[in-house]
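Biologist: I'm new to this one. Can you walk me through it and tell me what the terms rest on?

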Amino acid sequence: MKTLVTYFSQTGKTRQVAEAIFETIEGDKDIRELSEVESIGTYDLTFVGFPIHAFAPPGPVKLFLRNKCEGRQLVLFITHAQPEDYEELGEWINTCKAEAASAEVVDVFTCQGEILDSILEAMQNNDDPYMQKLAKGAATSKGQPDPTRIESARAFAADIMSRYA
Ligand SMILES: Cc1cc2nc3c(=O)[nH]c(=O)nc-3n(C[C@H](O)[C@H](O)[C@H](O)COP(=O)(O)O)c2cc1C
């Protein structure tokens with residue numbers, strides 16, 4: 001069993017989750033930034049982590065999921081500024097899974113990650129009521145992922161790996 005943890009992280013939040021997942025995994029394992037991964041063909045299972053950008057995966061992640069994951073078993077871990085119970089999160093996750101349609105997505109973990117102050121302020125200064133709603137949710141991301149969420153990520157990874165034991 002050979003496992004890869006790969007991630008795209010602009011401001012370090014997804015990287016924190018990636019590192020917690022990586023530490024939890026036992027056996028033959030590697031951790032790499034997404035931009036460093038040419039092929040996942042030698043791995044039995046690949047954890048792919050990224051933030052939501054504009055309700056979808058960031059561009060480089062879309063390309064990775066579309067072009068480098070065909071036929072592979074993937075576990076997605078996704079961070080976002082909205083709380084985990086935000087009503088549109090399910091749609092965003094489906095958008096992410098659709099990008100990985102040529103792969104087998106085994107499971108998905110999601111958790112809040114703190115949004116950049118500059119982006120939050122831009123949302124708060126936008127008069128659009130939808131942006132105001134998003135800004136309110138995003139303001140609750142301060143300090144995330146906190147130790148409880150990191151622990152949830154560890155428990156998630158342990159559960160996934162127990163299915164392959
Ligand atoms: C350009 C940009 C767009 C974003 N769009 C969303 C979004 O649509 N929904 C959301 O919940 N969070 C959004 N976020 C917040 C990030 O998904 C969140 O803060 C994430 O944890 C950051 O992860 P990172 O530090 O690994 O880059 C956005 C952040 C940026 C920088």
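Modeller: Start with helix 1 (13-24) and strand 4 (73-80): each gives at least two residues to the shell around the ligand. Helices (H or I, at least four residues) and strands (E, at least two) are DSSP runs, numbered from the N terminus. This is a predicted model, where local features need pLDDT of at least 70 and side-chain atom pairs pLDDT 80 or more, while totals for chains, interfaces and linings use all residues. Residues are numbered from 1 along each chain, and side-chain values use heavy atoms, leaving out hydrogens and water.

Biologist: Which residues come nearest to the ligand?

Modeller: Of 20 residues around the ligand, S9, T11, T14, I52 and T79 do. Being near takes a heavy atom within 4 Å.

Biologist: Why is R15 with E19 called a salt bridge?

Modeller: The term needs a side-chain nitrogen of Lys or Arg within 4 Å of a carboxyl oxygen of Asp or Glu. For R15 and E19 the closest N and O atoms are 3.8 Å apart, so the pair counts. Because R15 and E19 are 4 residues apart in helix 1, about one helical turn separates them. The whole structure has 12 salt bridges.
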